[in-house]
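Here's a quick briefing to read with the structure open beside you. Take it topic by topic and find each residue as you go.

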Amino acid sequence: MLKRSLRKTHKKTISNEKSSSKDIKLKESDIPSNFEETIDTFKSIYSYPDNQDVVLRPIDISGINKKSTILFINTITDSKAIEDYVISPLLNNNDSSKKVEDIITIQSIKTKSKVGDIITKINQGNAALFVEGEDHAYLLGASNFESRAVEKAQNENVVKGPKEGFNEKATTNISLIRKRVKSENLVVESHIISKRSKNDLFLLYEKDLVSDKLLQNVKNRVNSLDVDAIQNLSLLEQYIEERKYSIFPTILYTERPDRAASFIEDGYIVLLMDNSPDALVLPATFWSFYHTSEEHYLRFPYGNFTRLLRILALFITLFTSSLYVAVVTYHSEMVPPDLLLAIAATREKLPFPAAVEVFIMEFAFELIREAGLRVPSPIGPTIGIVGALILGQAAVQANIVSPIVVIIVALGGLSSFAIGDISMNFTIRISRFLLLLSASFMGLYGITALFTMGIFYMVSIKSFGVPYLSPLTPSYASSGDKIFRKVLQKEILRPGYLKPKDLKKR
Amino acid sequence: MEQSKQLIGIKEYIAIVLLMVGTKVTDNTPTILFEYIKNAGWMAPIINGLIAIFPIYLLIKVFTIYKGKSLLEVSDHLFGKFFSFIILFIMLVVAFGAVIVDTAIYTDIIGTMYFTKTPTIIVYGILMLVCAYGATRGFEQIGSVAWTVFPYLQVSLFFALILTIGQGNTAFIFPILGDGAWEVVKESSLRLSLYADFLYLFLFYPYIKSEIVFKKGTWLALVFIIMNLSIVMVCYIFLFDYKTIMQLNYPYHELIRTISLGFIINMEAFFLPFWLIATFVRFSIYLYINAILFGHLFKIKHFEYLIPSLATLIVFLGMIPENPTFIIFDIKEKLLLMTSPLFFLLPLLMWLVAMFKGEFKNANKRNIR
């Protein structure tokens with residue numbers, strides 16, 4: 001209570017905030033009936049002519065003899081299309097009986113009368129045509145945002161299978177998905193999720209598969225956002241996830257349209273946004289972070305071999321360095337005598353305890369990794385030289401670390417790359433340090449205690465109502481795609497934890 | 001802590017029961033059995049198991065009338081508020097005593113066998129910290145964890161047993177009946193409380209997906225446990241012979257110290273993590289049981305919040321005995337003896353009362369609150 005009253009007294013009054021009620025009122029109202037007034041209103045809204053890329057072009061429509069003005073932002077609009085399909089038909093019209101809609105030959109025309117709606121459309125790259133004597137504006141679809149072409153997926157590489165990746169343009173991404181799911185049941189819903197920048201969010205799902213409750217849950221969460229701007233999906237992910245401080249990710253982030261499409265076909269919901277070369281898939285389970293799309297493209301034995309490698313790599317990453325510390329510090333009797341003598345001999349001249357030694361090397365490895373990521377590519381090779389020579393060889397020769405620690409850390413570091421998903425990769429790397437810490441305090445007892453707590457934590461996580469480890473536990477009807485996958489012909493069920501409307505794949 | 005109540009399935013349920021009861025074979029329970037029944041000790045789980053069928057059958061019979069009600073509500077209904085309070089209170093005392101004694105034993109195992117230099121309070125503290133954390137997650141989560149780890153624990157146990165059989169002497173099993181058939185039956189039935197945990201399982205009745213799952217799960221779990229316990233105990237005999245086991249306090253830990261695989265001579269550190277996981281899950285369940293009982297008796301609705309304080313209390317009570325290896329061993333023996341009649345008589349009493357009250361006849365019309 002004291003806290004609350006203190007907070008009350010400390011509440012600052014935000015003084016220099018101007019009232020925007022006038023603007024809001026203007027945006028809610030219809031466009032003025034007077035043509036000149038309309039143009040002036042929009043001129044003031046768009047700060048014309050200070051605003052360099054706003055184009056206002058008066059046109060006298062011949063034939064029907066009406067004054068009109070076209071307004072668009074030329075940096076995000078296809079000026080060529082406007083010129084060919086709007087301006088020249090209007091100027092060259094001879095027929096006095098034609099209506100404006102029929103003169104213009106551009107493919108999409110909408111009419112809107114609210115100022116706010118018109119502004120939104122113009123900001124999205126459409127052109128607005130105001131015609132004298134009409135109480136609405138024509139909105140002409142000609143948006144043309146700059147974007148790169150469809151390229152190879154950067155982070156989720158496959159050897160066998162499609163190589164296309166999403167790019168920063170949502171319409172392209174939707175088209176990439178539609179290319180794979182050619183169904184009228186695929187719904188692309190659009191929501192405006194931010195108040196100031198009006199960022200568009202696209203919700204993709206198959207309407208005859210997705211569970212209504214899940215869909216409603218996602219929509220509620222997306223619509224309840226109250227923020228000025230959310231630029232892209234990476235930011236949105238942090239707004240809609242449930243546990244913000246958890247080290248486990250609960251929303252899957254993929255840049256592969258084939259992966260997104262296969263999730264949609266299973267009854268998941270996919271989110272797309274402009275400026276995001278990726279898609280968010282929800283809900284996500286632990287397994288979706290552990291899988292990659294390639295395991296299904298490879299034949300059954302090869303795919304499962306990869307899975308086996310990955311699960312081993314996962315455990316190697318998590319446990320090698322901590323087990324080494326635990327064994328050397330607390331359970332040295334476990335090591336066969338010859339090996340123990342070998343380890344002891346290399347550690348003879350070292351000044352540090354095993355835990356410190358491993359910490360130094362692990363930290364150095366993380367530094368190399370981070371540096372490799374940030375360094376400009378022309379000087380990239382330097383990192384390799386520094387890493388291999390200084391940290392590998394020189395550190396051993398200088399008796400800072402023992403050779404076996406270099407092996408252990410390198411093995412753990414190498415294995416950590418087997419987990420492709422970037423969020424899960426961080427989870428594993430952070431957990432590795434936590435395990436290392438617990439191993440240095442309590443040996444195997446500490447490792448096991450932390451591991452058990454971790455499992456307890458994992459089973460209590462839910463992603464949009466779906467338990468994190470399902471279908472392993474709690475068990476649900478599904479194709480059993482967990483650590484290993486089945487033969488394709490036997491994967492006939494959609495995941496039951498999503499409560500899809502149609503469980504069976506035909 | 002406001003978890004959505006999701007009911008648990010048969011896999012999770014069986015895993016919970018197996019971890020609750022099956023783990024006993026790795027502490028000093030086998031020693032207690034071997035002490036009185038000599039080398040027929042491995043029969044005790046079987047004989048007790050057969051006897052235990054009776055009370056479990058009666059309980060299931062009673063509980064099928066009250067669909068989805070837990071032991072607490074059924075007891076309240078059958079015995080009335082006052083007597084029910086006494087009975088449940090006795091159950092709480094027994095459960096709390098058992099969890100103190102058992103955690104003290106497990107701490108002692110960790111302290112004497114693996115971490116000889118670490119202060120007891122730290123070992124004990126970490127044990128209860130993990131268990132309390134697990135228990136606060138909720139019953140469904142404990143079940144999930146139990147099922148997630150169970151296959152690996154079972155595999156590690158069987159791996160140890162296979163190595164044991166290879167290194168043991170099968171002739172140690174003779175004479176099969178030890179001191180004689182009557183002695184075996186008498187002494188083992190006095191320690192029926194080996195399976196007393198089954199009584200507490202009926203607290204979880206409303207958490208289980210369906211009646212059939214509960215019935216089937218309980219019986220299957222009983223069979224698995226009997227098999228597990230007796231097979232492991234037979235292996236102890238193969239490796240040590242009964243004279244040694246009577247001396248050994250923690251035969252499982254001596255066993256994993258003794259066996260070797262090729263060039264790896266000391267394997268205990270390989271088995272330790274698996275055993276520890278089982279321990280953590282086991283005491284999470286026990287803590288949860290205590291919290292449920294305590295919460296019901298003293299009308300605390302959000303009993304999950306009790307768990308941390310119960311865990312702290314357990315640490316301090318369990319630390320009291322100065323020489324746990326002997327004192328706790330004694331207490332545990334007494335507890336086993338004292339609990340046996342409770343486990344046998346309470347179900348009988350419940351069944352009789354239900355019978356006299358005529359509950360079985362108008363089962364279909366009944367709908368208690």
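Predicted model: local features only at pLDDT ≥ 70, side-chain atom pairs only at ≥ 80, totals over all residues.

**Where chain B meets chain A**

- Let's start with the head count: 39 residues of chain B are in contact with 29 residues of chain A.
- The size of an interface is often given as the accessible area lost when the parts come together.
- For this pair of chains, the buried area comes to about 3000 Å², and 70% of that area is on carbon and sulfur atoms.
- Three residues stand out on the chain B side: Phe115(B), Tyr133(B) and Val145(B) supply 17% of the area that chain B buries against chain A, more than any other three residues.
- Which elements of chain B give two or more residues to the side that touches chain A? They are helix H1 (10-22), helix H5 (120-137), helix H6 (139-167) and helix H12 (268-297) of chain B.
- Sorted by class, this side of chain B has 24 nonpolar, 10 polar and five charged residues.
- If you go looking for salt bridges across the interface of chain B and chain A, you'll find zero.
- Polar contacts do turn up there, with six residue pairs across the interface of chain B and chain A.

**A pocket in chain A**

- Rolling a probe the size of a water molecule over the atoms shows where empty space is left.
- The second largest pocket has a volume of about 1700 Å³.
- Its lining is made of 42 residues, and those nearest the centre are Thr120(A), Asn123(A), Gln124(A), Ser197(A) and Lys198(A).
- Several elements of chain A each supply at least two lining residues to the second largest pocket, among them helix H2 (21-28), helix H3 (35-45) and helix H7 (170-180).
- Which element gives the most to the lining of the second largest pocket? That would be H6(A), with six residues.
- By class, the lining of the second largest pocket has 12 nonpolar, 15 polar and 15 charged residues.

**Closed cavities in chain B**

- Searching the whole structure turns up five cavities of 30 Å³ or more.
- The largest cavity has a volume of about 290 Å³.
- You can find the largest cavity by its 19 lining residues; Lys24(B), Ala98(B), Asp102(B), Ser193(B) and Asp197(B) lie nearest its centre.
- Helix H4 (71-114), helix H8 (197-201), H12 and helix H14 (324-356) of chain B each give at least two residues to the lining of the largest cavity, and H4(B) gives the most, with five residues.
- The lining of the largest cavity has 10 nonpolar, four polar and five charged residues.
- The second largest cavity holds about 230 Å³ of space.
- It is lined by 16 residues, with Leu19(B), Thr23(B), Leu153(B), Leu157(B) and Ala278(B) nearest the centre of the second largest cavity.
- H1, H6 and H12 of chain B each supply at least two residues of the lining of the second largest cavity; H6(B) has the largest share, five residues.

**Charged pairs**

- Side chains of opposite charge can pair when their charged atoms come close.
- Over all chains, the count comes to 32 salt bridges.
- One to look up is the salt bridge between Asp84(A) and Lys80(A), where the closest N and O atoms are 2.9 Å apart.
- Asp84(A) and Lys80(A) are about one helical turn apart, because they sit four residues apart in helix H4 (residues 79-91) of chain A.

- Tyr48(A) and Pro49(A) are joined by a cis peptide bond, with omega about 5 degrees.
- Look for Pro49(A) in the loop between H3 and strand S1 (54-61) of chain A.
- Another cis peptide bond runs from Thr473(A) to Pro474(A), with omega near -10 degrees.
- Pro474(A) is in the segment after strand S12 (466-467) of chain A.
- Over in chain B, Asp241(B) is not a glycine, yet it has a positive phi of about 70 degrees.
- Asp241(B) is in the loop between helix H9 (211-240) and helix H10 (242-247) of chain B.

Technical notes
Residues numbered from 1 in each chain as written. Chains lettered and ligands numbered in written order. Heavy atoms only, no water. Contact = heavy atoms within 4.5 Å. Buried area = accessible area lost by both parts, 1.4 Å probe. Salt bridge = Lys/Arg side-chain N within 4 Å of Asp/Glu carboxyl O. Polar contact = N/O pair within 3.5 Å; in protein donor to acceptor, adjacent residues only side chain to side chain. Nonpolar A, V, L, I, M, F, W, Y, C, P; charged D, E, K, R; others polar. 1 Å grid on protein atoms, 1.4 Å probe; cavity = no way out; pocket = protein on both sides within 12 Å on 5 of 7 lines; lining within 4 Å. Points joined across faces, edges and corners; volume = space filled by probe spheres on them.
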